[in-house]
Number of protein chains: 2
Amino acid sequence: MPASIKEIAKMTGYSAQTVSRVLNNNGAGHRKSTCDEILKVAESMGYRPNALARAMVLGKFGSIGLLLSTNAGRSYLPSSLLTSIHDTLADQNLHLTIGRLPDEKLVDSDYMPKMLREWTCDGFLINYTDHAPKEMTDLIHRSRLPSIWINNKREDDCVHPDDFGGGKLAVEYLRTQGHTRIAYLHYRWGESLEDAHYSVVDRMEGYKAGMREAGLDPWILTKGHKIHQEARVETCKEWLVLPDRPTAVITYTSPEYIQIAGLELGMKWEEIPQVLSFSDRPVSIAGRPQTIVYLDQYLLGRAAVESLLEKTLNPEQKLAPKKIEYCVNIGPDKVFRLPPS
Amino acid sequence: MPASIKEIAKMTGYSAQTVSRVLNNNGAGHRKSTCDEILKVAESMGYRPNALARAMVLGKFGSIGLLLSTNAGRSYLPSSLLTSIHDTLADQNLHLTIGRLPDEKLVDSDYMPKMLREWTCDGFLINYTDHAPKEMTDLIHRSRLPSIWINNKREDDCVHPDDFGGGKLAVEYLRTQGHTRIAYLHYRWGESLEDAHYSVVDRMEGYKAGMREAGLDPWILTKGHKIHQEARVETCKEWLVLPDRPTAVITYTSPEYIQIAGLELGMKWEEIPQVLSFSDRPVSIAGRPQTIVYLDQYLLGRAAVESLLEKTLNPEQKLAPKKIEYCVNIGPDKVFRLPPS
DNA sequence: TTGAAAGCGATACCAT
DNA sequence: ATGGTATCGCTTTCAA
């Protein structure tokens, strides 16, 4: 137990109030000798203010809760996002507290995660990628705390990447490179996309829209069913040997299937179609930096925190969704993006 | 502001103590009608206990701080580690609070991160991969809170993977597969390894020890200088065309350089040496699952929390370092590990 | 079965 | 320039 103000008061003979003032207000309105003595004793006793007590008086927790799902894949939290959330909060002298909600248990009315059962923080950032179970939405609503959803498309109070725009952007970039035979590689055909993250649909729809605007026909490379990991390279090979194969390919993620397929067919790197995939960090394949449709998670995190802080000031208001734009990351520090419209 | 106990007391006419007891002790020693009424009113007012006030009375924060460096690469926090830390804490009804310390600023005596400046939690988990600056160690020490270091080799109070054992294990596994021409691929030669994470040295030394125990000569594939990303594939090609090339290769991470090199040389997958790399998650290359030397971050996180809780009970004691063992992950659910010695 | 009072550590307000 | 007192929301102890 570190020393409290009271103990310092006892040691120095001053009252608790004097000690508090000297320690907090930088000693304004106090004799220099008083300050010196109190500061010296505080230092020697290793005094550190108790954030709990301070928060209680102030009526705020000084802390924001980040809610994640325990369901792997339902909460996407790359370290760049965690970092940006933390740092934006730190600028406001706020803590970040982590909470994970087990989907299965939420249905059980006996169960209630600590963060929702107790009153622990001033607001929530909810990182719940897919469709949240109704029980969870209810619980959060009943907590009456301001909340912002991350990576989730809702009618209000959310921040998410503009995946539709990203798909369009990919096409526009490839057009500037002179490509016309631009295909979209879709491994998940046949799988129900209703439960999937909105980006699975949006990226492809954005691609289609981009193609149409460029006067080109959308061209989806796919099978009538989902293509599992192990089968992807072989499938890509089928596409690569087509006489009119695409010169460029856009894909949700993982550009390497088509590239490995090319290599296995004995193609040189220059002969393999250009692959544009989505990512939030630089992608290299065996030391070769790849051009990607890039999302800056830092922007996402910062926007989410800013929205939440705004809501803290006025909890009743509903905030319009915020979209974060992609850019095409061509090389070190070289970026292609659309002019703001 | 959610309702407080006092308000419920006022509403129901009972005293605050009665309300508190009914709400916390499950109503033990109270008339059923009293319980019912209080519970009903509490429910209708949306009562949730204020964790702050409770913590203050209890004299504990109910929260553990996870300290990270802002210096990318100095804190390795895969989501599996974050998850295991969180969940082990949650089992004990403890929060997890995140704090990031900017290395540069720590030298500045004016600067002090909130987590160390104020008294905010009951202990620290320090995820600081490389050698921490002395200022930081001092600050943490002065905070007088129990702390455990993660992923860091120190004389006491730390939990880290057994990378030396992992290197040996890799050799022993490959021996069971009949390999004798086993090389270690080292791209970082010539770089000062003093600042590097201990695992860079330990994995290689473990490999050497394993080879000697098997009666084989260690065989390090390297250049006289650091091999940069872009040059690795070409360098691997030089090694692959050696007449007495290895049949198996162990490498710190990223098995794909040698495999891509093989493909570019026109080799079939079966002709490419088996590559064993270290990882804490399954590795697939273009849909092909790779055999890896695998570390379960869940064990690491849990061990760290358990150590910290132990230290909380008795802050003076120094805990012996805990090593987490690797295993070789061969296929789905198939694992090779050494018998406990 | 219920209630009154004290206290956790810090701050705000009002005195002196 | 300094101190007294009340307060935040809750729990613990003791008394009725």
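**A buried loop residue and its setting**

N151(B) is buried, having a relative accessible area of 6%; buried means under 20% relative accessible area, exposed over 50% and partly exposed in between, with a 1.4 Å probe and protein chains only. The model is predicted: local features need pLDDT of at least 70, side-chain atom pairs count only at pLDDT 80 or more, and totals for chains, interfaces and linings use all residues. Residues are numbered from 1 along each chain as its sequence is written, chains are lettered from A and ligands numbered from 1 in the order in which they are written, and side-chain values use heavy atoms, with hydrogens and water left out.

**Backbone features in chain B**

- N151(B) has a positive phi of about 65° although it is not a glycine.
- The loop that holds N151(B) runs between β4 (147–150) and β5 (158–161) of chain B; helices (H or I, at least four residues) and strands (E, at least two) are DSSP runs, numbered from the N terminus.
- A286(B), also not a glycine, has a positive phi of about 50°.
- A286(B) is in the loop between β10 (284–285) and β11 (288–289) of chain B, and it counts as buried at 2% relative accessibility.

**Surface near DNA strand D**

- DNA strand D is surrounded by 24 residues, the closest being T18(A), H30(A), I5(B), S20(B) and R54(B); a residue is near a strand if one of its heavy atoms lies within 4 Å of it.
- Of the atoms of DNA strand D that come within 4 Å of the protein, 59% belong to sugar and phosphate.
- Eight nonpolar, twelve polar and four charged residues form this surface; Ala, Val, Leu, Ile, Met, Phe, Trp, Tyr, Cys and Pro count as nonpolar, Asp, Glu, Lys and Arg as charged, and the others, Gly among them, as polar.
- At least two residues of the surface come from each of α2 (16–24) and α4 (51–58) of chain A, and α1 (5–12), α2 (16–24) and α4 (51–58) of chain B.
- An N or O atom in the side chain of Q17(A) is 3.0 Å from a base oxygen of DNA strand D.
- Phosphate oxygens of DNA strand D lie 2.6 Å from a backbone N or O atom of I5(B) and 2.9 Å from an N or O atom in the side chain of N24(B).

**Relation of the two chains**

Technical notes. A polar contact is a pair of N or O atoms within 3.5 Å; within protein, one must be able to donate a hydrogen and the other to accept it, and residues adjacent in sequence count only if both atoms are side-chain atoms.
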